[in-house]
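Subject: Structure handover

Hi there,

Here is the structure I promised to pass on to you. Have a look at it first, and then read on for my notes on what turned up.

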Amino acid sequence: MADNRYVTKVEFITSGVHPGDFPELGLPEIAIAGRSNVGKSSLINKLVNRRRIARVSNTPGRTQLLNFFTVNDRFSICDLPGYGYARVPAAVQRQWGPMVERYLIEREPLRALLLLVDVRREPGEWESQVATWTSAQGLALIPVVTKIDKLSKSKRRLAIEKVAMQLGFSARQVVGWSAVSGEGLDDLWRAIQRQLPAEEDDSSE
Ligand code: GDP
């Protein structure tokens, strides 16, 4: 796996469903959401440079849990359950909305949400709903268009513009990402770091 200069330490903390299960870490938190198969696990693994950190979220029976881990002892990531897993019963699927909305409302350390959209799909009602909840809580939304390697440069630009428009952003605010080529890693880290309090001994620019 290519070197990732951003990450020195990653620690899986816990999984949970209810606010009572969520860890008290004393760190700002970034949440990550997307439909199943959007490339969420691949993105997380690449973002934090660990092959299998996001594997738990894809283990059958655990797909509906929120998974928490810390990065560099500086911030935490909450990997939200993928939306729309075919194997998950409809009754469980219906709990997704209330569970995530409650997390967004009650999770005090939460700063921003990465919303993943496949470059070959347009954001639908579900993505708009998540965007609405996020802004209602005064949280930053970072739209990420995944799998950009699947399209030519000109087509991906159009796809990114479309996603931006549908979510009420400018194209420049959308991160284009490929877990295959590693494109977007710098942009993604920059977008995350912008949401974190400044680090006193941070010598990078
Ligand atoms: P999740 O269900 O959202 O966690 O999605 P996964 O990370 O498991 O990815 C779903 C599928 O898309 C897998 O077959 C991945 O290999 C593939 N995939 C994920 N990210 C990318 C990407 O950036 N480019 C391409 N071409 N395929 C990807």
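Before the notes, one cut-off: a residue is called buried when its relative accessible area is under 20%, exposed when it is over 50%, and partly exposed in between. Please also keep in mind that this is a predicted model.

Let me begin with the aromatic residues. The count of aromatic pairs comes to 7. One of them joins Y83 and W126, which are stacked at 4.9 Å centre to centre with 10° between the planes. This pair links distant parts of the chain, as Y83 sits in the loop between β4 (75–79) and α2 while W126 belongs to helix α3, 43 residues apart. Is each partner buried or exposed, or something in between? Y83 has a relative accessible area of 26%, so it falls between the two cut-offs and is partly exposed. W126, at 8%, is under the 20% limit and therefore counts as buried.

W126 has another partner in W96: that pair is edge-to-face, with 5.2 Å centre to centre and 65° between the planes. Here, too, distant parts of the chain are linked, with W96 in helix α2 and W126 in helix α3, 30 residues apart. Both W96 and W126 are buried. Elsewhere, Y6, F75 and W189 make up one aromatic cluster.

Now to the cores. The largest nonpolar core contains 31 residues, and L66, L80, Y103, L104 and L113 have the most contacts inside it. Among the elements that give two or more residues to this core are β2 (29–34), β3 (66–71), α2 (90–106) and β5 (110–118). Apart from it lies another core, of 29 residues, which includes I44, L47, W177 and L188.

Leaving aside residues up to four places away in sequence, L80 touches several residues, including A31, I32, K40, L66, Y103 and L113. K40 itself is found in helix α1 (residues 40–47). With a relative accessible area of 8%, K40 is under 20% and so is buried.

Helix α5 (185–194) is among the elements that supply at least two lining residues, and its 4 residues are the largest share. By type, the lining divides into 9 nonpolar, 4 polar and 5 charged residues.

Best wishes

Terms used:
Residues numbered from 1 in each chain as written. Predicted model: local features only at pLDDT ≥ 70, side-chain atom pairs only at ≥ 80, totals over all residues. Heavy atoms only, no water. Core = buried A, V, L, I, M, F, W, Y, C linked by side-chain atoms within 4.5 Å. Buried < 20%, exposed > 50% of the residue type's maximum accessible area, 1.4 Å probe, protein only. Contact = heavy atoms within 4.5 Å. Nonpolar A, V, L, I, M, F, W, Y, C, P; charged D, E, K, R; others polar. Phe/Tyr/Trp six-rings, centres within 6.5 Å; stacked < 30°, edge-to-face > 60°.
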